[in-house]
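Q: I have a structure open and would like to learn how to read it. Can you walk me through the features?

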Amino acid sequence: MKVQRAIVLCVLLLMPLLAMAQPSLCTISGTLYDSTGSACSNCKVTISKARQGSTPLNAPPIEKRTDSNGAVSFTAVQGSFITITGTFSIGRYNFATGLEMYVPLQSTATLATLQTAEDALNALISSTTYAPADIPVITKTASASLSNEFALGSLATGLLKNTTTTGVPTIAVAGTDYVAPGAITGGGQTMATARILGRSTASTGAIEEISIGSGLSLSGGTLSASGGGAVSSVFGRSGAVVAAQDDYTFAQLASKPTTLAGYGIADAQPLDADLTAIAALGPSNDDIIQRKAGVWTNRTVAQFKTDLGLATIATSGSASDLSAGTVPLARLAGITNTEISNSAAIAYSKLNLTGAILNADLAGSIANAKLANSAITIAGSSTSLGGAITLDTITGLSTTGVVKRTGANTLAIATVDLTSEVTGDLPFANFVQAGSAGFVGATGAGDYSHRTPTQVTAALDAFVGDSGSGGTKGLVPAPTAGDAAANKYLKADGTWATVSGSSGITVGTTTITSGTSGRVGYNNAGVYGEYPVTGTAGNVVLSASPTLTGTVAMAAQTNSGTIVQTSASATAFVSGASGSTNPAFVIDNSTASQASGLKVIGKADGTAPEIAAISRTQITTALAGNGLAITADPAIAGSSVAGAAAGGSVTITAGAAARNTSGNAAGGSINLAPGTGIGTGAAGDVILTRGNLIFGAATSGNIYLRNTGSGPSLFIGSADGAANNAGVWVQQVSFTQLTSDSGVVVGIQAAGSTGMFLGSGVPVYWSTNASSSTTGLRDAPSVGFLPKAAGVLRLTNGSTGAGSLVLGTSTVGSIGTSGVGVLAIANGTAPTSSPADEFQLYSADSAAGDANAFARNEAGEVNRLTGLSARVSTQFDKTSDTTLANVTGLSRNVEAGRTYAFTAVLYTTSNVAGGVKAAIGGTATATSIIYQADVLDGSTQATVGTARATALATTVGDVTAVTAARITITGAIVVNAAGTLTVQFAQNASNGSASSVLVNSSFQLIPIS
């Protein structure tokens, strides 16, 4: 019964929404013909994508079929643009892939007169639509109706020249803007007889005429040279001249020998690359020719000695001969000690003595004086100089003192700077007297020595107090016995003194001995602070506007007077656990002129307390009473988070019943009691401004609304209309007509044999007619429900005709033009589950703008039902072209993740030298695909070619020597990414005669999953 109530209420609410104005329609008719010129019987015409300007008309695609004579008719909105698709052509328009056509602003039109959007616009511009009078235009002659035109008739006769940016036309100047007629030398285009074009003037410039000279002739467009025969003069000689000796220089010879033998030289050395390289060298005196890195070069003696590994030892035996390099000991095997003179100036660094010369080898042969100290390296503990070198022999160490390195390789006796040259701690034992403790300090003589604590203390300055001009820091004087017990302190004058008066109190670390009368003290950051107060003893506050925290206890106070507060603040009184932050109670006195307020009235036991508006003082003129508004908190929009929030609800809850051990009691009522009228004034109303009025929970609650007069009434529940036990009644005239269905619009009865009581005629209907009612029903109903037979409900057009049904939202879904008895399903949301014992039918896009019917069965299998077939309506040709291309018309949309089987049948014609080939392509991508082509030669009825492919756009059915082949492609695809699946075609071998796919070739998709 509750479902029935909801249906009836929805029907009543939707009635006025369906009475909408219809747009003006144009009926379009015509006859269609196939490619042979015959009437196209049962040809399909699809009308889709209707729009008016840039506004879509939300009309689903309409499919029409021609009759046996090719005639078809449909309606469209006047002034709209519709897309027409079909396998036919009208005039120069081919509708195979769909054309957007303009519907004229007239009630009827023919297909032959329809134009595309572009052609219709051009026709309007050329016939009736003009540009504004002030727009810049170019005309042939001047027009008085145009204010910003340029008339070509105002220019002189000649060639037009356009000016960049401005677009202003002018007459071009001959010789400046183009080559003027005239002689070539004048820059024109005419020439004199017997001339050729060229340029004899120096530098770059215009083309010039060149005359034909002697010995040359120009005839029939050919330039020829005349003359020939014996030479009459050459080399200054005349007559029968013959060549003589020295007539030609060597440079004038065109051909020269390339070898010595060619010149008649037989005893010369053949050319050698090494000799050529050596000849090209430029050596200096004493240089040696040497081959280095594969190249001949000149080298100095020093460079050559280095390459030979020789030291700079010359035969002179001079010591300077050993200025560089060393002589290995092995090279000195033939030199005896006697041959090395003690006085010889051989530096130690010139001898390679690494383990080669022992002390025994130098016995008495080399004096110490011959060894430079800086050049002796003594390694190992076994080396001994036999006492030959002593400290006294070291330069700079002849006196007593501290040995100090004073420079590079130099030792000397010097003093040590303890400040900068001595690091680490000095031994304290050098300063402290044995057996005592103390300090190191300076004595009166300026020396450092051991000092006792007493001696150090005596040497320090004493603290000097302030006597008016400041003091000095130092040791403080020692307190005397009893100073601690007397709480003495060190004064700034340098003496120990006693605190005057009592000992005071200590706040933090500060002792307070006095304060200001009439003030309160407080801890001010660890020291004593004072604050002024207002009032008398026992009744004081810290300021005129005190802030009270904590609990104000007033239980012991009795106040029989009136507490009056005068404040215009929006928070005149605030109470809350967190003060003014999210308070529990606020009194707002911010209204500028307050004339009404709220009071709480206590009542005796058994009587409800009252919240009422405060009555105003009686005045001379009567005033209406002030209302009482209860307002919940409105929602607050977030500052950074998108979304909407609901406003607060107002909840008025009556008291609940209660009992001790037994008895029944009703709950309290919520009374909505309007004010009573006076005189002829009516009582007030209970008004629901907006929103829904909900009574009870999902399983309980009644509504009783009644008009006690004879007008229409609404009863919900069984509180009234007892004679009929009404569940819901919507009545036209009075209760008396409930016994007869002639006047009842809708009745739902809780008891009796009738569950839903429907009147005669069209019992449930909608009407778009806004005329007045004559029978209680709207005139000319447009759609309604009518029982057809037992268990059958028929949708009518409001009379005896068929009605149409749309499943869609208010903005999506409609019945196509001329549709009758149509079930239209608009795109919605596809189901994701499969209820038991049912299948589900819905509409969805297989691609943008391509809505199709889909079905989901109980097993969860989803298949597409429409948009799966295509045919060729216009012959598709390929001439001298072997590149595969999409066959016009043979393309269908496929969805991602679905599997399709497919079949393509191509009827082809071709030259035996061109042949045919095909493929399956498109914009979709395949997870996997397989397809195979069988080619049947129509002339021999024999299979002449087969091929299989596993990738899109792969050639199959490629055959050359056929003239009338039928290519049949079958296969299956698992679609990865959505797109189109298309049949492709081309010539197998490039040929000037076309290879063609004929009309009525087809492509069929079969959904598998």
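Predicted model: local features only at pLDDT ≥ 70, side-chain atom pairs only at ≥ 80, totals over all residues.

Q: What share of the 1009 residues counts as buried?

A: Buried means under 20% relative accessible area, exposed is over 50%, and partly exposed lies in between (1.4 Å probe, protein chains only). In the protein chain, 19% of the 1009 residues count as buried. Cys26 is one case, with a relative accessible area of 0%.

Q: Which cysteines form a disulfide?

A: A disulfide is a pair of cysteine sulfur atoms within 2.5 Å. By that rule the count is 1 disulfide: Cys40 with Cys43, their sulfur atoms 1.2 Å apart. The link is left-handed, at -50° about the S-S bond, and both Cys40 and Cys43 are buried.

Q: How many helices and strands does the protein chain have?

A: Helices (H or I, at least four residues) and strands (E, at least two) are DSSP runs, numbered from the N terminus. The protein chain has 5 helices and 64 strands.

Q: In what order do the 4 strands of the open sheet come?

A: Two strands pair if DSSP finds at least two bridges between them. The order is S55-S62-S57-S60, with antiparallel pairing. S55 (885-894) and S60 (956-959) are at the edges with a single partner strand each, so one side of each has no neighbour in the sheet. S55 pairs with S62 (residues 979-986) over 6 bridges, and Ser891 has Thr982 in S62 as its bridge partner.

Q: Which residues touch the most other members of the largest nonpolar core?

A: In soluble globular proteins, nonpolar side chains tend to be buried together. A nonpolar core is a set of buried Ala, Val, Leu, Ile, Met, Phe, Trp, Tyr and Cys residues joined through side-chain atoms within 4.5 Å. In the largest one, of 36 residues, Phe902, Tyr931 and Ile969 touch the most other members. Strand S61 (residues 965-977) gives the most to this core, with 5 residues. Apart from it lies another core of 23 residues, including Ile62 and Phe74.

How values were computed
Residues numbered from 1 in each chain as written. Heavy atoms only, no water.
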